[in-house]
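Please look over the protein shown here before reading the notes. They go from the whole chain to single side chains.

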Amino acid sequence: MGSIEQAAALLKGLMGKLMSSDNDERTHAEHSLKAEWVATQPQTLLASLAFLVHQDTDASARAFAAVLLRRIAFQNSPNAEFKEDERTVWSVVGPNVHQAVKGELLAALKDETDKGARHKLCDTISEVNNNVGDNEWPEVLPVLYACAQDSNAQLRESAYRIFTSCPYLLTAGQSAEAISTAFIGALQDSEAVVRLAALKAAVAYILDASEKQKQTAAAMMPQMLSVLEPLLRDSDEGGLVEALSALTEAAEEAPKLFRAVLGNLIVFATEIGKNEALDSTTRQTALEVLVTLAEAAPGMCRKNAQFSQSIVPVCMQMMSSIEDDEEWYTADTLEEGDNEENHVYGEQTLDRLAIALGGKQLLPIAFNFIPQMLASADWRQRHAAVMAVSSIGEGCYKIMRGELQKILEMLAPFFKDPHARVRYAVCNCMGQMATDFAPELQEKHHAVVLAGLIPVMDEAATPRVQAHAAAAMVNFAEEATKLVLEPYLDPLLQRLLAMLNSPKRYVQEQAITTIATIAGNAQAKFGKYYGTIMPMLLSVLAQATDSEHRLLRGKAMECATFIAMAVGKDVFAPDIPRFVELLTAAQHAVVDADDPQASYLQAAWARLCGVMGADFAPLLSVVMPALLVAARLQPEVTVLSADEDAEESYAAEDGWEFSSIGGQQVGIKTTTLEEKCTAVELLSSYARDLGAGFQPYALEVLEVVVPLFKFYFHEGVRAAAAAAVPAVLQTVAAGGSAPALQQAWAAISERYVAVLGSEEDDTFTMQLFASFAEAVETVGPQALAAPQLQAFAAACVEQMTKYHTRMKEREAARAADELDDDDEEQLAEDELVEGLAVDEVAKALHAVFRSHGAAFVDDFRSILPVALKFLHERDPAARQWAICVFDDLVEFAGASSDQYASEFLGPIATALAERAAPDLRQAAAYGVGVMAQFGGDAYADFVARVALPVLLAEVQRSDARAQENVYATENAVAAIAKVLRFAASRVADAQRVLCAWFAALPVCNDEDEAPAAYEFLLHVLREQPDAVLGPGNSDAQALRHLVKVVAEALAACNFAPELAQALVSVVQSTLAAFDDAAKAALWAEIPREQQDALQTKGFF
C-alpha cells in the first residue's frame, strides 16, 4: 500500500469520528484534523481526500471526502506567517498536489455512480475551478463537453451542474449562438434530471452573460419553459420548484428575455397558483416568477392584457384560504406571523404588484372582486377583501386618493363585523391606509376612521383585536396634526389606561407604545395626563423585573422618554433622578444577547439626552460603553452549499437571511447589522445634542465610524457613519480648541479623502461627499494638506468622469431608439440619483474652495477637463453643474482664477439667455455677480459690457416674475447690483442701468442673494437718492415702489438685525412724505399675508 493509500486509510478513520453523534468525540476529531493534518501535512491531507473521493468503496465516505476537500482547500492556511497573509491551504501545497487532486476529481467524475456523492463531487470541482487562476485547469472544459454529450444521463447532468456554478466556462472559445444551440438541445433531453440541470445552467449563463449574449439567449426561452410542463405532469414538485426558482432569478436580471413567452408563462404559472392540490411552496414559487417580472419590467407586463387579469384572482383566492385557529384568540404572546402561509403570500404579492404596476392597471381588476367579497357570508372572503384594500393602497395611491371617502365609508361597517378576524383586518387596513394616505386621511377623514377605531379598543374580550386597534392608532397619530388629534385625547387615553390592566401582556405593551406616540403628537397638551401616566411607567420599571416582562419594561422606557420630550424638561425634572436610577439599573442588568431591553435602553438614553441637554453629559459614562460595543459589532456570516438546509441551523426568526451566490448559500444575520446601524446613528444623535460635552469621546468614535465607510454588508451603517463624522467634529469645534480639532481631523482626513474616489454606489457617493463637505466646513481654513488636496481633486475627477460617461451612454441609447418604457423608467431613476450625487460633488468642491481659496487653483487644473466636458454638453443640468463649479472658483480664488477665464466666460454668457433653462440662467447670473465682486479687473469688461446688457434684458421681460423664472430673475437683479457697485467705472450709461435695476426689485425669494441687493439699495439711497427717487424725493411713484419692494423683502426674508432695521428706517422715512390717507392707501396695496408677517416680526 502506497503512502497516499495509507494516509487515506488513517484519514477515513478520522472522518468517521467527524460524523459521530457523540459531541466529545466529534470535537476531538475536529481538533485532530486541524492540528495533525491541516497544520502539519496539508499536502498529504488534500491528496488523501482526493484519493478517497475517487477510490473509496463507500459512497457516503466519497461524498464526505468531497465536502471536506472543498471546505479545507480554500480556508486560510494556519501556516500563514502574518495575520494579514490570506493564503489558503490550496495555495501553499504546491503544483504537484494541485495536479494530483484535479486528476482524481476528473477521474471520479467519469466513474461516480451514486447520486449524492456525484452531486458533492460536482460542487467540489466547481469550487476548485472557481478558485484557481485563469487557464490553470485546462483539462476541465474538454471533460465537461464530453460529459454533456455522453450517453450516460448522470454525466450529462453533472456537466450542467458544474456549468451552473462556473458559467464563465461556457464562453471560452464559443460563440453565443453555439452556446444557445447547445442549450436548446440539452433542454429537450430525454431525461428530466438533465433538462432541469440544463435549465439551471442556462439561467446561470444568462446571469453571467454580456448584454449582447443575453439577446442571443432569447432564442432558447421557449425550450427553457418547456422543462416545466413534464415536471408538473410527473408530479415532481421538488423539481418544479427548483426550475421555477431558477427562472425567477432570470426574470429579475433579464426580464426582457421573457417577452416572447410571457403569455404562455402567465397561463402556466397562474394555473399552478390556483391549484389547491399542489403544495403551497409550489404555488407560491410559480407566482413569484410573474411578480418578479412585474417588478423588473413593469412596462412589459402592463402591455400584456392578461397579466393582471390572470394573477389578481389567484392572489384573492390565496388570501381567502385563511383558516380560523383557536390559538390566535388565546395566545399569551404575539409571535411573528408565518409568512409562508398562502393567505399571507397572497397579500404580499398583491402589494408588490400594485407598487410595480400602479393603480391604473390593478385597481379596476381588484375592485371587480372586493365589493362582492365584502358582501359574502363567508368571513374569510370578507377578511380577504379588507386585506386587499390594505395591500393595494400604496401602489394605487394616486387613483384611490380621489375615492378615499367612499372607500373608508365602505370599510367602516366592518369595525362591527361579527367575526373577530375581520375586525382585526379592518384595524390593520386603517392603520396601513393612515400611512399610505397621510396626511389627507388624518386631515379630511379622521371622523369616519376614529369613530370606528376607538370603540374597538374597548374589546377586552378579544384582546388580539383590541391591541391591533391600538397599533393602528399609532400609524394614525404619527401623521396627524395636534389640531386633529386633540379632540380625541380623552377617549383615547381613557381606553389606553384601561388596557394597561389587561391580563394579556401584549395588550399592555401595545397600550404603552400607543401612549408614547400620542404623547409625541400632543406635545405640551399631554401635560394634563402626565401625573397619571408617568408614575405608572416608573412603577413598571421598578417592579416588573422578571425576564417575562423585559419587553414591557423596554416599552415603558420608550413611553416615558416620549412623554418627557412632549412635556419638556421642566415638567419632567422632578422624575429625572428616579428615572435615571432605573435606567442605570436596567443597563447593568442586561446580560443576555437576546434581551429586548438593550435596544430600548439605547433609544431611551438618546431621547433623555435630548430632554436634558448639556446636563446629560455626566451620564455618557453609563451609556457609551455599551453603545461603542454595539457600533463595533462584526457581521455574522455563513456559507453553505446549495443542498444544505439553511433553516435547520440558521432560522429566519433569528435574523438570518440567505442569498444564492455562485452555487452557494451565503447567509448573514441582519439583526446584528440593524443593532450596529442604530448604535452608529445614536452616536451622531449624542454628538448633536451635547456639543462640546461629547468631545471626550470624539477621537474614539471617529476611529470606530470612519472604517465603516467600507462596511458593505449594510448600507444604513455606511450612511450613518458618514453622517456621524461631521457631527462629531462639530463637538470638538464647539470645545473651542483649534489644536484638538486639528488632531481629530488629522486622524481621519487621509482615509476620508481616499474613499471618495473609489466609491461605486451612487447613493452613498452622494452621502459621502455631503458628509465630507460638512466636515471641511467645520474644520475651516486650510483643512487639507497638499497631498490631500491633490487626492480630493483626483476623486472629483474620478466620480465626474464616471457620471459623464454614463450620461453619454444614455444619450447614445436614446439616439439609437434602443429603450422601451421600462428602460426609460430605470434611466429616470438612475438620472435622479446621479444628479443628486453630482450636486454633492459640487458642494464638496464649494467647501474646499471656501477652505483653501486661491491655494486650490493649481489642483483645480486636474478637474478642468471634466468640468469643461460638462460645460459644453447640451443637457442644461450638466452645464449648470459646471457653471456652479466655475462660480466657486471665481468667488473663492478671486483674481487667481483668471488663468481659466477664457475657458468658461463664453459658455456663461450663452447660458445667461437660455430661456428654456431657468436654473442654468440662475447659475450664470450668480456667476456674473461673483465675478464683479471678487474677480477684479480681469472680469470687469466681461460683466459690464457682455453680461450686463443680457441681464437687463432678462429682468425686463414680461415673464420675468413667472414662478419658473423668479429665482433666475432675482439672481440677475442681485448680479446687476454687484456690477454697479464693484465695476461701475466700466458701465456705460450707469444712470439708466441703475433706474432699470431699481424698477426690477424686489429680491425676496432667494434669501442668499437678497442681502446684497438691499445693502446696495441702502448704499444708493445714502449716496445718490435722486438717481432713483427724483430730485428731493419728488417721484411719488418711485417712493411707492420703494416702500413696496422693501416691505415685501422684510416680510419674506430673515435679514440680519442691522440690515433689517436700516430697511425699516427707510420705509418709515419714506412714509413720512405721505399724508395719512396716502399712507393708508399704500398700506392697503400691500398683500395681507405680508402685512401679517411684518407685524409678527415687529417691524410696523
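Two residues are in contact when heavy atoms of theirs lie within 4.5 Å. The model is a predicted one: local features need pLDDT of at least 70, side-chain atom pairs count only at pLDDT 80 or more, and totals for chains, interfaces and linings use all residues. Residues are numbered from 1 along each chain as its sequence is written, and side-chain values use heavy atoms, with hydrogens and water left out.

**Whole protein**

- The protein has 61 helices and 3 strands; these are DSSP runs numbered from the N terminus, with helices being H or I of at least four residues and strands E of at least two.
- Along the principal axes, the C-alpha atoms fill a box of roughly 120 × 75 × 65 Å.
- Of the 1100 residues, 54% count as buried. Buried means under 20% relative accessible area, exposed means over 50%, and partly exposed is in between (1.4 Å probe, protein chains only).
- Among contacts between residues at least 6 apart in sequence, 71% join residues at least 24 apart.

**Charges**

- The protein has 84 positive and 152 negative side chains, and the centres of the two sets lie 3 Å apart. Lys and Arg count as positive, Asp and Glu as negative, while His and the chain ends are not counted. A charge is placed at NZ of Lys, CZ of Arg, CG of Asp or CD of Glu.
- Arg 421 lies over the face of Trp 328, 4.3 Å from the ring centre. For this, NZ of Lys or CZ of Arg must be within 6 Å of the ring centre and within 35 degrees of the ring normal.
- Lys 676 lies over the face of Phe 711, at 5.0 Å from the ring centre.

**Aromatic rings**

- The whole structure holds 29 aromatic pairs. Rings of Phe, Tyr and Trp (its six-membered ring) pair if their centres lie within 6.5 Å; planes under 30 degrees apart are stacked, over 60 edge-to-face, and the rest tilted.
- Phe 860 and Tyr 900 form an edge-to-face pair, with 5.6 Å from centre to centre and 65° between the planes.
- This pair links distant parts of the chain, 40 residues apart: Phe 860 is in helix H48, and Tyr 900 is in the loop between helix H50 and helix H51.
- Phe 860 is buried at 0% relative accessible area, and Tyr 900 is buried at 1%.
- Ring pairs link a cluster that includes Phe 856, Phe 860, Tyr 900 and Phe 904.

**Thr 285**

- Thr 285 is in helix H17 (residues 280–296).
- Thr 285 counts as buried because its relative accessible area is 11%.
- Leaving aside neighbours within four places in sequence, Thr 285 is in contact with Val 241, Leu 244, Ser 245 and Thr 248.
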